[in-house]
Each structure stands twice: as C-alpha cells, then as structure tokens.
Amino acid sequence: MLQLASKNLENSAQARLTDLQSTVNALSDFTAKANKAKALWEDKTNSNIGKSAFETIKNTLAEMCVSVKICNYCEQNEANDIEHIYPKSLFPEKAFVWDNYLLACKQCNTAYKSDKFAVLDNNDDIIDLPRNTQPPHDRGVFINPRVEDPSAFMLLNIGSYKFEILPNLLKPDNNKAVKTIEILQLNNRDQLVESRRAAAVYFFQRMDLLTKILTATTIAEIKSLLTPYDAEIDDQMILYDIKVQITAGFKRDIQTHANPSVWNAIKTIESKTNEKWRAIFDAIPDALNW
Ligand SMILES: [Zn+2]
C-alpha cells in the first residue's frame with residue numbers, strides 16, 4: 001500500500017457531493033442517516049447530473065491510483081469500485097466526502113474490506129465496530145492512504161513478500177498498521193504474495209537489462225540486448241539519444257507495473273542492503289526517484 005497523489009475534485013462534481021451529504025446530515029438519527037446514505041448511494045447515477053458527477057469522480061480517482069488504474073489496496077487487480085475508506089454504513093457523515101474515496105478492485109472492496117472497520121478507544125486500544133451500530137467516535141484504526149503515507153507504518157519485506165510493521169511506532173499507529181493488514185488480509189492472500197515475488201523478479205530483470213544497455217558502445221549491441229517487446233530503435237538517432245529514449249521507456253515500464261509497493265521496498269531497502277541492487281542504483285541513481 002502506498003499513498004495516493006490526491007487531487008482536487010472539479011467544482012460541479014464537488015457541488016453534487018456536498019448536496020448529497022447535506023441531505024444525509026440533515027437527519028438527526030444515526031440509523032436514518034445510514035439508511036439515507038445507502039439509498040442515495042444506490043441511486044447516485046440515476047439522474048443526468050449524478051451520472052456526470054460520478055463519472056468525473058471515478059475518472060479523477062483513476063488518475064490518482066498508485067499505478068495504472070490498479071487497486072490501491074492489493075495493487076494487482078483492476079480498480080473499478082469507488083471504495084469508502086470509512087464505510088458509509090458506519091460513517092454516513094462521510095458517505096459523500098471526496099477525501100473518503102479511493103478506487104479498489106471488487107474483491108478488496110466487497111470480499112475483504114466491506115463494512116469491516118474499527119476505531120481506537122481512549123487508551124488507543126482497538127474497538128471492532130459491529131455492523132449497523134453507531135461508532136462511539138471516528139478515530140479510525142485503518143491507514144488512510146489519501147492522507148497518510150502507508151510506508152511510514154509498514155514496508156514490504158523483499159524475501160517473505162509480506163508487509164512488516166515498522167518498529168518503534170506509537171501505539172495508535174502500530175494498531176492502525178495491524179488492523180489495515182488484517183482487514184485487507186494483505187499478508188494472507190497467497191496470490192498477492194506470489195505476484196509480489198514475480199514483480200520483484202520483473203523489476204530486477206528490467207533494471208539489470210537497462211544497465212547493460214546503458215554501457216553498450218554500439219547500436220547493434222543495444223539491438224541485440226532489447227527484447228522483442230521493446231520499442232524499435234530509430235537507426236538515424238545517435239547512441240546517446242537512443243539510450244535516453246530507452247531509459248524513458250523502461251522508467252514507464254517500472255512506474256506502470258503492478259505492485260508499486262515492491263518497487264518502493266526495493267528503492268528503500270534493497271538499494272542499500274543488496275549488492276546487485278546497489279550496483280544497479282549506482283549505475284542509474286535517477287531510478288531512486290522513479
Ligand atoms: Zn484489490
């Protein structure tokens with residue numbers, strides 16, 4: 001999990017959200033608010049104004065995803081659902097709040113996250129929230145990647161391919177990391193773990209190939225190194241420009257790949273502790289900012 005590059009929502013879509021939210025907030029009773037939020041959510045695209053607002057919302061959220069239209073929780077599946085970070089059934093006052101949205105895949109949204117949520121009590125201990133009951137307050141125990149950087153709470157271990165909670169966190173932050181991993185089952189879904197390993201292999205092979213290309217002394221040598229799936233080289237260009245163009249292409253490959261948390265852990269940890277990665281980042285220091 002990584003922090004999203006949050007964007008502002010275009011005015012007319014924001015106005016629509018404000019309208020819907022004030023309809024919910026006008027009610028005084030929690031159950032009435034929750035029911036209203038649910039009904040308005042189900043009905044949200046049944047008018048032209050609603051359709052257009054939620055199209056804008058979805059498109060803007062898609063631009064904010066941590067990789068190309070990828071689920072911001074599992075980082076593997078296509079992100080198609082507008083997910084409420086604070087569930088609307090428990091926090092109807094956040095049902096139409098822009099900062100409470102991100103795109104997630106159907107599986108993360110409905111099978112894992114769903115209505116599961118917890119808050120902290122006054123001792124910073126976790127209170128799991130039963131369905132359809134009013135939370136005692138809104139100190140959520142879940143990392144909110146719209147406003148918080150998950151890497152400040154946990155990092156992926158390149159080896160086990162599971163998230164490890166950073167040592168020395170304060171109790172509320174530690175509890176947030178524990179609960180986020182638990183609710184999303186980030187460390188227990190075998191397919192996620194296996195796909196992270198495959199991503200690490202991909203990132204290494206790609207970057208290793210790029211270092212070889214950058215030390216090549218002839219265009220013919222570069223051509224022999226490239227895979228059949230890389231862009232064709234323009235023979236009229238000089239060697240330097242060809243390398244610049246290829247580097248840009250490889251950068252795009254890295255940045256648009258699934259599992260950006262794997263790449264983040266490689267930059268943060270492996271670049272310092274792993275000999276082979278250290279050599280790659282010594283050769284291409286810019287890649288630490290990719
Ligand atoms: Zn997902």
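Reader: Which residues does Lys176 contact, leaving aside neighbours within four places in sequence?
Author: This is a predicted model, in which local features need pLDDT of at least 70, side-chain atom pairs count only at pLDDT 80 or more, and totals for chains, interfaces and linings use all residues. Residues are numbered from 1 along each chain as its sequence is written, and side-chain values use heavy atoms, with hydrogens and water left out. Contact means heavy atoms within 4.5 Å. Apart from those sequence neighbours, Lys176 is in contact with Gly140, Val141, Phe142, Ile143, Glu148 and Phe153.

Reader: Is Lys176 buried or exposed?
Author: Lys176 sits in helix α5, residues 171-184; helices (H or I, at least four residues) and strands (E, at least two) are DSSP runs, numbered from the N terminus. Buried means under 20% relative accessible area, exposed over 50%, and partly exposed in between, with a 1.4 Å probe and protein chains only. Because its relative accessibility is 14%, Lys176 counts as buried.

Reader: Which residues coordinate the zinc ion?
Author: Donors are N, O and S atoms within 2.8 Å of the metal (3.2 Å for Na, K and Ca); water is not among the atoms, so sites may look incomplete. In sequence the donor residues are spaced C-x2-C-x30-C-x2-C. At 2.3 Å, the zinc ion is coordinated through SG atoms by Cys71, Cys74, Cys105 and Cys108.

Reader: What is the geometry of the zinc ion's site?
Author: Four donors count as tetrahedral if all angles lie between 85 and 135 degrees. Here the angles among the 4 donor atoms are 104 to 114°. The site of the zinc ion is therefore, with those angles and that definition, tetrahedral.

Reader: Why does the pair Cys71 and Cys105 tie together parts that are apart in sequence, and how many residues apart are they?
Author: Both Cys71 and Cys105 are buried, and both are donors to the zinc ion. Cys71 lies in the loop between α3 and β1, whereas Cys105 lies in the loop between β2 (101-104) and α4 (106-113), so the pair ties together parts whose separation in sequence is 34 residues.

Reader: Which residues does Cys74 touch, not counting those up to four places away in sequence?
Author: Cys74 is in the loop between α3 (48-64) and β1 (81-84). It counts as buried because its relative accessibility is 2%. Beyond its sequence neighbours, Cys74 touches Cys105, Cys108, Arg189, Leu192 and Asn259.

Reader: What is the volume of the largest cavity?
Author: On a 1 Å grid over the protein atoms alone, a cavity is a set of points where a 1.4 Å probe fits but cannot get out, and a pocket is an open set with protein on both sides within 12 Å along at least five of seven lines; lining residues have an atom within 4 Å of a point. Grid points are joined across faces, edges and corners, and a volume is the space filled by probe spheres set on the points. The structure holds 1 cavity of 30 Å³ or more, and Cys74 is among the residues that line the largest cavity, along with Met1 and Asn259. Its volume is about 40 Å³.

Reader: Which element gives the most to the lining of the largest pocket?
Author: This pocket has a volume of about 490 Å³ and is lined by 21 residues, with Lys38, Pro87, Lys88, Ser89 and Asp115 nearest its centre. At least two lining residues each come from α2 (30-42), β1 and α4. With 7 residues, the element giving the most is α2.

Reader: And where does the largest share of the second largest pocket's lining come from?
Author: The second largest pocket has a volume of about 300 Å³. Of its 18 lining residues, the closest to its centre are Leu2, Val66, Pro260, Lys267 and Trp290. The elements giving two or more residues are α3, α8 (239-255) and α9 (260-273). The largest share, 4 residues, comes from α9.

Note on methods
Four donors count as tetrahedral if all angles lie between 85 and 135 degrees; four count as square planar and six as octahedral if opposite donors are over 155 degrees apart and all others between 65 and 115; anything else is irregular.
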